[in-house]
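Here is a short briefing on one protein chain. Start with the strands, then the helices, the cores and the backbone.

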Amino acid sequence: MSKQTVGEPPDSARVSLERGMQFHGAGNWERAEQHYLEVLLDDYRSTDVLPLLAIVVANRGHIDRAIYYWDTLLSMEPHHLNALAAKGGLLYRTGRLTEALSCFEIAAGLAPDDALIRNNLAVALADSGRKDEAIVEFGRVLQLQPDNVNAYHQLRRLSSAVVPFWHIPMMNDTRRNDCFERAIRRALAIRGSSAQVLDIGTGSGLLSMMAAREGATNIVTCETVPTITRVAQEIVADNGYGEQIKVIGRSSATLSVGEDIPTRADILISEILSSDLLAEDVLSTFEDARRRLIAEDAIVIPKAARAIGCLVASETLTAYGHVEMASGFDVSRFNSLAPLRLPIHGTMTEWTRLSNDFEIASLDLTAAAHEPELRAVSIPVIASGTAVGVVQWMHVDLMDDIVFTNHPDDYHDGGWLQVLHVLPKPMPVEAGSVVDLLLGHDRSTLIVLPAGSAASPHPPSARRL
């Protein structure tokens with residue numbers, strides 16, 4: 001048998017590689033690993049064998065050894081994309097998020113248009129608590145893959161986690177908006193359209209846009225939540241005020257005159273008041289602005305705020321925030337865990353009745369089985385208006401003549417609340433007409449829909465009797 005030519009791999013290495021790949025393909029990870037190791041000992045095609053070895057070792061459950069082989073490959077080829085992505089995935093599986101993030105970040109830098117790597121980076125960022133950065137990454141995934149449902153869902157989930165829910169109700173508060181706009185209009189009438197305006201707490205950019213609409217040309221506004229900042233910048237641009245309004249994604253405490261804002265502000269606008277007045281560090285924010293960011297004679301909106309209350313007696317509110325006995329047990333020790341503040345939802349009962357009561361679904365809870373049901377019902381309209389939905393409550397027969405009902409006429413804010421089933425679109429109705437609804441249940445949820453809404457692209461309407 002002739003000797004092997006210098007520089008050529010030994011025949012045994014080639015054979016071991018072939019056998020290793022055969023066992024690999026058959027799912028025999030242990031035998032594949034043995035042959036791949038023999039190939040490495042012969043120093044044959046190491047950069048090709050190391051990924052195969054790392055994969056079979058990981059499949060055998062030896063994650064640290066797999067990471068070692070990926071590291072060995074990366075020591076030879078530091079920018080090996082698959083090695084970075086695979087190592088990051090193994091690190092993520094074992095809870096080493098910081099190291100996993102480092103791998104994914106390097107990989108994303110090497111392959112910025114790789115949606116899978118971007119998605120893995122976004123997931124790791126979210127799990128590391130870096131929600132704002134994760135939101136940006138999921139946004140990039142959607143740019144690459146607009147139909148990626150998971151990325152879209154995660155983007156919305158994370159956005160709702162970092163953006164307080166009350167922003168939209170506040171924007172829809174017409175009385176609040178009108179009061180601020182009147183104050184802003186008056187301040188600009190006094191100081192002129194060239195006045196320097198500072199708006200602390202950008203939110204949607206609404207107050208700054210009010211100032212811009214009134215003619216202000218020098219507006220700086222700041223927002224601490226990066227996700228809100230980005231959307232506010234887009235909203236400002238959408239409405240044509242990008243030249244008048246500068247949106248800064250930082251706290252007002254980090255702003256400096258001469259860099260972030262040209263001069264001390266002539267007008268300060270800030271709507272960071274909370275329901276209990278002071279929860280959003282209001283005093284420190286206003287004090288810092290007065291000290292560093294606004295002129296001595298600046299107009300401040302709002303200029304004052306008071307918390308006004310009275311002593312009340314109420315069994316309902318007492319039961320809402322305090323407990324002594326429950327079902328014959330002394331549970332008063334739980335008061336040590338009671339919250340300091342509780343919302344009162346009294347205004348949620350302010351709605352006008354457009355029909356008499358009607359049954360949505362009836363369930364016999366003693367029956368052996370319950371099938372889904374859906375039926376068409378014509379509901380007579382007793383008052384004209386715009387129907388937004390169906391308010392639903394419960395009537396519960398416990399046994400014999402013991403009945404519980406949370407009818408909205410006499411029951412509010414208890415453990416069981418009324419529910420609004422929202423129509424797909426508000427529907428103008430007139431007294432004397434009827435609305436055709438589909439009512440029933442699918443075993444897990446109630447169904448309240450306008451008849452024909454699923455088949456027709458046009459909103460349903462009421463019909464005359």
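Isoleucine 200 has serine 270 in β4 as its bridge partner. That pair belongs to a predicted model. The strands concerned are β1 (residues 196-200) and β4 (residues 265-270), which run parallel and are joined by four bridges.

**Sheet**
- The open sheet has five strands, ordered β3-β2-β1-β4-β5, with parallel pairing.
- Edge positions go to β3 (245-248) and β5 (294-301). Each has a single partner strand, so one side of each lacks a neighbour in the sheet.
- On average, neighbouring strands are turned by 25° against each other, direction ignored.

**Helices on the sheet**
- Helix α11 (residues 174-191) packs on the sheet and touches β1, β4 and β5. The direction of α11 makes about 150° with that of β5.
- Helix α12 (residues 206-213) lies across β1, β2 (218-222), β3 and β4. Against β2, α12 runs at about 180°.

**Helix pair α3/α4**
- Helix α3 (residues 46-59) packs with helix α4 (residues 63-76) at about 165°, and their axes are 8 Å apart.
- The angle is over 145 degrees, so α3 is roughly antiparallel to α4.
- The α3 and α4 crossing is left-handed.
- On the α3 side, the residues that meet α4 include Leu50, Leu53, Ala54, Val57 and Ala58. Those they meet in α4 include Ile63, Ala66, Tyr69, Trp70 and Leu73.

**Nonpolar cores**
- The largest nonpolar core holds 48 residues, and Tyr36 and Leu90 touch the most other members.
- Leaving out residues up to four places away in sequence, leucine 90 touches Ala58, Ile63, Ala66, Ile67 and Trp70.
- A second, separate core has 22 residues, among them Ala216, Ile219, Ile269 and Ile299.
- In soluble globular proteins, nonpolar side chains tend to be buried together.

**Backbone points to check**
- Most residues other than glycine have a negative phi, and most peptide bonds are trans.
- Aspartate 43 has a positive phi, near 55°. Aspartate 43 sits in the loop between α2 (29-41) and α3. Its relative accessibility is 63%, so aspartate 43 counts as exposed.
- Arginine 45 also has a positive phi, near 50°. Its place is in the loop between α2 and α3. At 43% relative accessibility, arginine 45 counts as partly exposed.
- Isoleucine 301 and proline 302 are joined by a cis peptide bond, with omega about -5°. Proline 302 lies in the loop between β5 and α15 (315-321).

Methods
Residues numbered from 1 in each chain as written. Predicted model: local features only at pLDDT ≥ 70, side-chain atom pairs only at ≥ 80, totals over all residues. Heavy atoms only, no water. Core = buried A, V, L, I, M, F, W, Y, C linked by side-chain atoms within 4.5 Å. Buried < 20%, exposed > 50% of the residue type's maximum accessible area, 1.4 Å probe, protein only. Contact = heavy atoms within 4.5 Å. Pairing = 2+ DSSP bridges. Helix = DSSP H or I, 4+ residues; strand = E, 2+ residues; numbered from the N terminus. Axes fitted to C-alpha atoms, helices over the stretch in contact; angles between N-to-C directions. Parallel < 35°, antiparallel > 145°, perpendicular 65-115°, else oblique. Left-handed = near helix turned anticlockwise from the far one by under 90°.
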